[in-house]
Amino acid sequence: MGNVYVFDHPLIQHKLTYIRDKNTGTKEFRELVDEVSTLMAYEITRDMPLQDVTVETPVATAKCKVLSGKKLGLVPILRAGLGMVDGILKLIPAAKVGHMGLYRDPDTLEPVHYYSKMPTDIGERDLIVIDPMLATGGSASEAIRSLKELGAKSIKLMCLIAAPPGIERVRKDHGDVDIYVAAVDEKLDEKSYIIPGLGDAGDRLFGTK
């Protein structure tokens with residue numbers, strides 16, 4: 001069964017408070033999401049494997065470490081996931097970015113898949129699926145299923161805020177996928193919005209209603 005990691009770093013928790021605040025405007029909201037994404041990327045890459053190399057410094061030879069193993073791929077779920085990509089790329093600029101288009105049908109609450117564009121070597125990359133909100137878990141689960149169908153073998157899920165039903169759904173459908181979040185909130189309301197949450201992440205990122 002996949003693990004759930006909740007990042008309790010003080011900087012992440014501090015910035016998340018202002019992300020939640022309804023009085024935070026679009027510009028500041030976007031900047032805060034970008035900053036938290038960078039901090040989360042620092043934590044989510046903690047277990048990346050290293051290998052030994054030798055380099056010449058200006059004064060001597062040094063035995064050092066560089067990253068080894070698979071290359072990374074980022075897969076934001078459109079559209080809100082886009083708001084977290086740049087923050088991660090600041091730390092991992094060589095990562096390739098795929099895009100997964102899903103929306104939740106307002107009547108059935110089930111995910112509808114409308115777009116997918118992935119790197120050609122998806123099976124050779126460690127993928128991080130990105131979505132600010134993990135509410136029912138339907139969209140995330142469908143995105144992961146689709147990636148596996150395309151040949152992905154190593155997938156992590158990264159969200160700002162999750163609700164217990166979303167975590168349970170992903171762990172049930174994809175027991176091999178670890179989940180990384182900044183906070184686990186109380187519950188979902190009757191419209192499947194996370195409570196207390198932060199509202200609609202896409203609308204707040206892009207200034208839409």
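Helices (H or I, at least four residues) and strands (E, at least two) are named here as DSSP runs, numbered from the N terminus. The model on screen is predicted, so to speak of a local feature a pLDDT of at least 70 is needed, side-chain atom pairs count only at pLDDT 80 or more, and totals for chains, interfaces and linings use all residues. Residues are numbered from 1 along each chain as its sequence is written, and side-chain values use heavy atoms, with hydrogens and water left out.

**Stop 1: the annotated span.** Select residues 6–208, where an unreviewed UniProt entry places the feature "domain: Phosphoribosyltransferase"; such annotations may be inferred rather than shown by experiment. This span is 33% helix and 33% strand, and its end C-alpha atoms lie 29 Å apart.

**Stop 2: H2 and H3.** Next select helix H2 (residues 26–44) together with helix H3 (residues 82–89), whose axes come within 7 Å and cross at roughly 55°; axes are lines fitted to C-alpha atoms, for helices over the stretch in contact, and angles run from 0 to 180 degrees between N-to-C directions. The two helices, H2 and H3, are therefore oblique to each other, given that angles under 35 degrees count as roughly parallel, over 145 as roughly antiparallel, 65 to 115 as roughly perpendicular and the rest as oblique. To see the contact (heavy atoms within 4.5 Å), show Val33, Asp34, Ser37, Thr38 and Ala41 of H2 with Gly83, Met84, Asp86, Gly87 and Ile88 of H3.

**Stop 3: H4 and H5.** Move to helix H4 (residues 138–149) and helix H5 (residues 164–173), which pack at an angle of about 25° with their axes 8 Å apart, and which are therefore roughly parallel to each other. Here Gly138, Ala140, Ser141 and Ile144 in H4 meet Arg169, Val170 and Asp173 in H5.

**Stop 4: two cis peptide bonds.** Select Leu78 and Arg79, which are joined by a cis peptide bond with omega about 0°; Arg79 sits in the loop between strand S4 (71–78) and H3. Then go to Ile195 and Pro196, where a cis peptide bond also has omega of about 0°, with Pro196 placed in the loop between strand S13 (194–195) and helix H6 (201–206).

**Stop 5: Ser192.** Finally, select Ser192 in the loop between strand S12 (187–188) and S13, a residue that has a positive phi of about 65° although it is not a glycine. Is Ser192 buried or exposed? At 10% relative accessibility Ser192 counts as buried, a term that means under 20% relative accessible area, with exposed over 50% and partly exposed in between (1.4 Å probe, protein chains only).
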